[in-house]
Amino acid sequence: MQSFAKLLLLCGLLALASASPAKIQKRGVYKVERVPNPNYTGRNGPRALLKTLRKYRMPIPASVANAAQQQSEMITKRQQQRKKGKGKGRHGSKGGAAASNGQATGSAANGTGLVTATPEANDVEYLSPVKIGGQTLNLDFDSGSSDLWVFNSQLSQAATQGHTVFDPTQSNTFSLMQGATFEISYGDGSGAAGNVGTDTVDIGGATVTQQAVELATAVSQSFVEDTSNNGLLGLAFSSLNTVQPQQQKTFFDNVMSSLAEPLFTADLRAQAAGAYEFGRVDTSKFTGDMTWVPVNTTDGFWQFTSEQFAIDGGEPQTSTAGAQAIADTGTTLLLADPAVAQAYYAQVDGAVDDEQQGGFTFPCDAQLPDLQLDVGGNMATVKGTDINFAQVDDQTCFGGLQATPAGLQVYGDIFFKSNFIAFNGGNNTLGFAQHV
């Protein structure tokens with residue numbers, strides 16, 4: 001009780017200290033690299049597929065559910081469960097809420113920001129460093145969701161062991177938001193829930209003061225086991241944010257006005273570090289001209305029409321008239337219209353829709369053709385080499401292209417590895433070009 005009272009008093013003082021919004025500096029450009037998760041142990045094709053289906057609440061075929069191994073147990077500060085792993089976790093007390101008055105303010109020293117984006121082994125997840133209240137955590141940037149949540153000192157030692165956690169008591173700019181909570185679910189049954197505060201968030205120099213930061217008091221087992229990933233940063237539209245009773249703006253929405261250009265780019269690479277950059281399009285990262293298409297923001301996603309496809313540069317074919325797709329950095333696979341997947345694997349010797357594996361597989365030594373996909377009326381190419389996702393056994397591999405069981409197509413990291421993508425929030429457009 002004493003620690004609870006002390007934290008409550010401290011949070012109240014911090015709330016008063018952070019009530020004044022920071023001044024906006026001149027517009028800038030910022031870059032953050034993506035880094036690999038060294039603790040990842042290998043790809044699991046069925047599980048990656050299941051994760052995407054559940055993230056978007058799509059129907060789950062029995063074959064996929066049977067092929068995937070699910071771990072969705074929630075560990076809270078009240079459930080002191082043991083977990084094997086290295087590292088030191090913190091055990092903190094849940095503090096009381098203090099009011100937060102000011103508005104989030106973005107700044108950019110030179111109008112841009114850049115951070116690395118490094119993949120985990122086999123490109124299953126890309127992580128980037130983010131500073132929150134001066135504390136650096138590696139987060140997964142997700143253009144398919146809109147919450148910024150982190151592992152923090154409110155969680156039990158069992159939940160935080162091996163993680164880098166955010167400690168709000170060590171930040172002199174943190175303030176809890178009175179009565180605010182969040183709850184978000186992802187893919188394979190993973191999720192997080194907790195309370196909410198505000199703090200200064202810095203991504204490669206692009207900075208927002210009083211950015212909503214969601215502090216998990218419950219996280220799923222899969223996040224607990226992934227000790228290199230300390231939370232997610234959502235980059236979809238703010239209408240998807242789960243904070244209650246009042247939705248909060250994303251980091252990108254808050255920082256956009258201070259950027260040299262109101263956009264961010266995703267430069268994801270196969271088996272190599274890439275980067276997220278805020279405020280400019282680096283033309284050295286792609287070949288030819290960038291194609292821009294309008295996005296439909298109605299559902300909060302970076303969504304566009306995608307009703308045609310071609311295989312290895314052949315004649316365009318129509319999948320489904322009016323079909324829609326979204327660009328999602330937080331999804332590993334590429335889920336396309338069933339007509340696309342069926343026609344593509346019909347051109348791959350030995351490929352089958354394997355019920356036991358929950359999706360399309362093929363001989364690992366098969367030569368995979370390139371795939372062209374319609375992005376807003378223009379074709380983007382996904383290299384065949386990027387579609388070979390995971391090895392099932394010594395001779396069989398699981399495809400990175402799979403059929404969506406619902407109307408929505410999800411173009412995840414398989415698509416991004418072949419293409420440099422720009423997200424323009426100023427005019428709600430998506431740009432793409434072939435990687436160098």
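Reply: Let's go through a disulfide and then a sheet. This is a predicted model, where local features need pLDDT of at least 70, side-chain atom pairs count only at pLDDT 80 or more, and totals for chains, interfaces and linings use all residues. Residues are numbered from 1 along each chain as its sequence is written, and side-chain values use heavy atoms, leaving out hydrogens and water.

Me: Which residues form a disulfide?

Reply: A disulfide is a pair of cysteine sulfur atoms within 2.5 Å. Here Cys-364 and Cys-397 make one, with their sulfurs 2.1 Å apart. Their link is right-handed, with 105° about the S-S bond.

Me: What does the pair tie together?

Reply: Helices (H or I, at least four residues) and strands (E, at least two) are DSSP runs, numbered from the N terminus. Cys-364 sits in the loop between strands S21 and S22, and Cys-397 in strand S25, so the bond ties together parts 33 residues apart in sequence.

Me: Is Cys-397 buried or exposed?

Reply: Buried means under 20% relative accessible area, exposed over 50%, partly exposed in between (1.4 Å probe, protein chains only). Cys-397 is buried at 5%, while Cys-364 is partly exposed at 22%.

Me: In what order do the strands of the open sheet come?

Reply: Two strands pair if DSSP finds at least two bridges between them. Four strands form an open, antiparallel sheet, ordered S17-S16-S22-S23. S17 and S23 are the edge strands, each pairing on one side only. Three bridges join S16 to S22; Ala-310 has Gln-372 in S22 as its bridge partner.
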